[in-house]
Amino acid sequence: METPRRVEIQLGPVHRQIMRATERFLDAEGAIRSAKTWTVLLKIRRQLAEYPGIAWFVARWTEGDLNQKLIPDYRL
């Protein structure tokens with residue numbers, strides 16, 4: 001049986017703020033390549049594990065952004 005992969009990460013102050021946010025809606029804006037999508041997906045993954053059956057909705061500004069970045073990141 002294969003050993004589960006373990007990934008350790010260090011979050012910056014803005015990323016920690018995103019992870020700690022408890023508001024119903026979260027607007028994550030920032031510079032290009034600042035790990036916004038990655039951090040939000042990490043937050044979603046953690047909540048999906050903590051609360052089985054929870055409903056989530058994730059959106060990007062345009063469909064091109066959605067298909068280019070969000071969908072490939074989520075399917076990893």
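Mentor: Let's take the ground rules, then the fold, then the details.

Trainee: What kind of model is this, and how are things counted?

Mentor: This is a predicted model: local features need pLDDT of at least 70, side-chain atom pairs count only at pLDDT 80 or more, and totals for chains, interfaces and linings use all residues. Residues are numbered from 1 along each chain as its sequence is written, and side-chain values use heavy atoms, with hydrogens and water left out.

Trainee: What is the mean pLDDT of the chain?

Mentor: The mean is 82, and 86% of the residues reach 70 or more. pLDDT is the predictor's confidence in each residue, from 0 to 100.

Trainee: Where is confidence lowest, and where highest?

Mentor: Lowest in helix α3, residues 63-74, with a mean of 65. Highest in α1, at 92.

Trainee: How many helices and strands are there?

Mentor: The chain has 3 helices and 0 strands. Its order from the N terminus is α-α-α. Helices (H or I, at least four residues) and strands (E, at least two) are DSSP runs, numbered from the N terminus.

Trainee: What share of the chain is buried?

Mentor: 14% of the 76 residues. Buried means under 20% relative accessible area, exposed over 50%, partly exposed in between (1.4 Å probe, protein chains only).

Trainee: Which residues are buried in α1?

Mentor: H15, I18 and M19. Viewed down the axis of α1, they fall within an arc of 100°, so they line one face of the helix. The arc is that of the directions from the helix axis to the C-beta atoms.

Trainee: Why would residues three or four places apart point the same way?

Mentor: An α-helix has 3.6 residues a turn, so such residues do point the same way.

Trainee: And which exposed residues sit on the face turned away from the buried side of α1?

Mentor: P13, V14, Q17 and R20.

Trainee: What covers the buried residues of α1?

Mentor: The cover includes α2. H15, I18, M19 and R20 of α1 meet T39, V40, L42, K43 and R46 of α2. These contact residues split into 4 nonpolar, 2 polar and 3 charged. Contact means heavy atoms within 4.5 Å. Ala, Val, Leu, Ile, Met, Phe, Trp, Tyr, Cys and Pro count as nonpolar, Asp, Glu, Lys and Arg as charged, and the others, Gly among them, as polar.

Trainee: New topic: the loop. Which residue there has a positive phi of about 65°?

Mentor: R33, which is not a glycine. R33 lies in the loop between α1 and α2.

Trainee: Is R33 buried or exposed?

Mentor: R33 is exposed, at 74% relative accessible area.

Trainee: What about phi of A35?

Mentor: Phi of A35 is positive too, near 70°. A35 is in the loop between α1 and α2. A35 counts as partly exposed, at 33% relative accessibility.
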